[in-house]
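Me: I want to go through the labels on this model one at a time. For each, tell me what it rests on.

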Amino acid sequence: MVEINLNRRQFLKLTGATAATLAVVELGFNEKEVHATSKEFKIAKTNVTPTICAFCGVGCGILVHTDDKTVVYTEGDPDSPVNEGTLCSKGTTIRQVYTSEKRVTKPMYRAPGSDKWVEKDWDWMYKTISQRVKETRDKSFVVEENGIQVNKTEAIASLGGAALDNEETYLLAKMMRGLGVTYLEHQARI
Amino acid sequence: MATEYVKYVDVTKCDGCRACMVACKNWNDLPAEPQDFLGTMQSHANVSADTWNVLTFVEHENSEGKLDYLFRHSSCYHCTDAACEKVCPENAISYTDFGTVVIDQDTCVGCGYCVQNCPFDVISLKTYKDKNGDEYRKAHKCTMCTDRLEEGLQPACVTTCHTEAMEFGEKEAMIKKAEKRVQEIKDRYPNANVYNPKGVGGTHTIYVLTEKPSVYGMPENPKVPTSAVLWKDYAQPIGKAMVGGVAMALAGAFVANKFFDKKNNQENRDGGGSHE
């Protein structure tokens with residue numbers, strides 16, 4: 001039989017070590033709990049904004065989840081009577097309208113006859129556009145046609161983008177109608 | 001045990017829009033994987049580490065000699081007896097209370113046993129690089145959005161499905177629904193059946209199919225590989241017991257040795273030990 005001879009010092013050392021080990025294992029540290037809190041639910045702290053899908057005329061409701069910086073997630077709006085929370089494959093991608101790397105975030109200008117896009121600043125863009133619109137509209141404006149008041153210009157056309165949302169298209173259409181633009185189109189194709 | 005849930009997929013209602021694929025990428029933040037044209041409508045040949053579900057398109061000549069165009073949402077089946085869970089040497093794969101099968105990314109060492117043993121071929125490895133430039137791998141597959149389930153939401157693919165081809169609900173109710181649906185479509189599809197294979201103890205994604213599973217490229221009788229059963233249920237416990245035994249013996253020997261030595265040393269120092 002193994003005889004364990006412990007003097008007082010050894011006995012104290014052993015009991016101390018055992019108590020310390022137990023304290024770490026049993027009391028202070030719950031591995032599972034730490035693991036659980038390290039992964040927070042993706043949309044736990046997001047702001048939710050309802051919007052209308054921009055891609056076609058059906059008008060599905062979408063909830064946009066955002067944090068301080070970016071769009072975190074988008075999902076069909078369950079309260080929308082149009083889609084009742086569902087979405088098609090295209091509507092599901094709408095988050096990329098904001099987050100895509102391919103998105104153009106600076107004004108680009110292509111001069112008449114040129115085949116190159118050049119980056120311009122907003123001031124130059126606003127000024128040039130308003131000048132040219134005014135010039136073209138003044139030159140081409142038709143007040144009356146066949147005895148009917150028409151107040152239109154056929155020299156300007158507007159092409160809306162599929163990624164414009166409901167409010168943007170409203171404003172765009174309002175402004176173009178105000179200018180007398182009749183060629184008012186949208187490129188949406190589903 | 002909490003209630004088990006099942007994802008019910010009725011392929012007769014699927015219109016092949018692929019919203020489930022996109023919704024999966026959207027929720028799980030998975031990057032796009034550009035593919036070459038496969039010659040059919042199908043976008044990806046199979047699921048991968050970054051594409052957890054794929055809509056398969058099968059052109060099939062039915063018994064009347066007419067073309068059937070078959071769509072199917074295809075992802076992890078979440079087996080009741082999951083081969084991947086059995087073979088994982090790190091116990092990184094586990095069952096949840098919902099009946100889903102999930103891989104713990106922190107524990108996974110990327111050995112690939114689960115990839116080889118999955119009867120449905122739905123697990124894939126992805127290679128990453130750490131900050132030293134060394135490569136390491138992790139296994140990925142559909143989680144059935146277990147993080148969403150925990151918060152009372154349904155999986156992203158089910159939520160987005162606009163034809164009600166997919167539903168999520170309690171296991172018994174969904175199985176009943178599937179059986180009822182098969183009876184409804186028997187006139188139109190005489191080969192209609194419920195896919196809930198018994199060889200893996202049933203699955204937590206069940207299908208209403210219009211044709212035999214093999215037509216859809218699914219295994220007719222998937223089974224947990226015998227080697228996996230042997231490994232998990234026999235070899236591993238015995239191995240662990242042996243490792244434990246050896247460890248205990250080593251520890252015992254160490255302790256005994258130490259104190260014996262002390263005793264001897266002390267005796268030596270006292271000069272009480274015999275010299276010859």
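Reply: Start with pairing: two strands pair if DSSP finds at least two bridges between them. Strands themselves are DSSP runs of E with at least two residues, helices are runs of H or I with at least four, and numbering goes from the N terminus. The model is predicted, so local features are given at pLDDT of at least 70 and side-chain atom pairs at pLDDT 80 or more, whereas totals for chains, interfaces and linings use all residues. Residues are numbered from 1 along each chain as its sequence is written, and chains are lettered from A and ligands numbered from 1 in the order in which they are written.

Me: What makes β6 and β7 of chain B a pair, and which way do they run?

Reply: Six bridges join β6(B) (124-129) to β7(B) (135-140), and the definition asks for at least two, so they count as a pair. The two strands run antiparallel. One bridge sets T127(B) against R137(B) in β7(B). Five residues separate the strands of this hairpin, and G133(B) takes a positive phi near 85° there.

Me: Which residues other than glycine have a positive phi, and where do they sit?

Reply: Among them are D29(B), with phi near 50°, and H78(B), with phi near 55°. D29(B) lies in the loop between α1 (19-28) and β2 (54-61) of chain B. H78(B) is in the loop between β3 (67-74) and α2 of chain B.

Me: Why is H78(B) called buried, and why does D29(B) count as exposed?

Reply: A residue is buried if 20 or more other C-beta atoms lie within 10 Å of its own, exposed if 12 or fewer, and partly exposed in between, with C-beta atoms placed from the backbone. H78(B) has 28 other C-beta atoms within 10 Å and is therefore buried. D29(B) has 9 C-beta neighbours inside 10 Å, so D29(B) counts as exposed.

Me: How do you know which label G147(A) gets, buried or exposed?

Reply: G147(A) has 5 C-beta neighbours inside 10 Å and therefore counts as exposed. G147(A) is in the loop between β6 (142-145) and β7 (148-160) of chain A. Across chain A, buried residues make up 9% of its 190 residues.

Me: What is called an edge strand in the sheet of chain A, and why?

Reply: The open sheet has three strands in the order β1-β2-β3 (chain A), with antiparallel pairing. β1(A) (47-52) and β3(A) each have a single partner strand, so one side of each is left without a neighbour in the sheet, and they stand at the edges. The twist averages 25° from one strand to the next; axes are lines fitted to C-alpha atoms, for helices over the stretch in contact, and angles run from 0 to 180 degrees between N-to-C directions. β2(A) (61-66) and β3(A) pair over five bridges, and V64(A) stands opposite T74(A) in β3(A).

Me: Which strands are the edges of the four-stranded sheet in chain B?

Reply: That open sheet has the order β8-β1-β10-β9 (chain B) and mixed pairing. β8(B) (166-170) and β9(B) (193-195) each pair on one side only, and they are the edge strands. β1(B) (5-10) and β8(B) run antiparallel and are joined by five bridges, one of which has V9(B) and M166(B) as partners.

Me: How many residues of chain A are in contact with chain B, and what counts as a contact?

Reply: Two residues are in contact if their C-beta atoms, placed from the backbone, lie within 7 Å. By that test, 17 residues of chain A are in contact with 16 residues of chain B. On the side of chain A, β3 (71-76) and α3 (89-92) give two or more residues, and β3(A) has the largest share with four residues. By class, this side of chain A has six nonpolar, nine polar and two charged residues. Ala, Val, Leu, Ile, Met, Phe, Trp, Tyr, Cys and Pro count as nonpolar, Asp, Glu, Lys and Arg as charged, and the others, Gly among them, as polar.

Me: What are the domains of chain B?

Reply: They are domain 1 (5-223) and domain 2 (225-276), with bounds from an automatic or database domain assignment. Their C-alpha centres lie 48 Å apart. The contact takes five residues from each of domain 1 and domain 2 of chain B. On the domain 1 side, α2(B) (83-87) gives the most, three residues.
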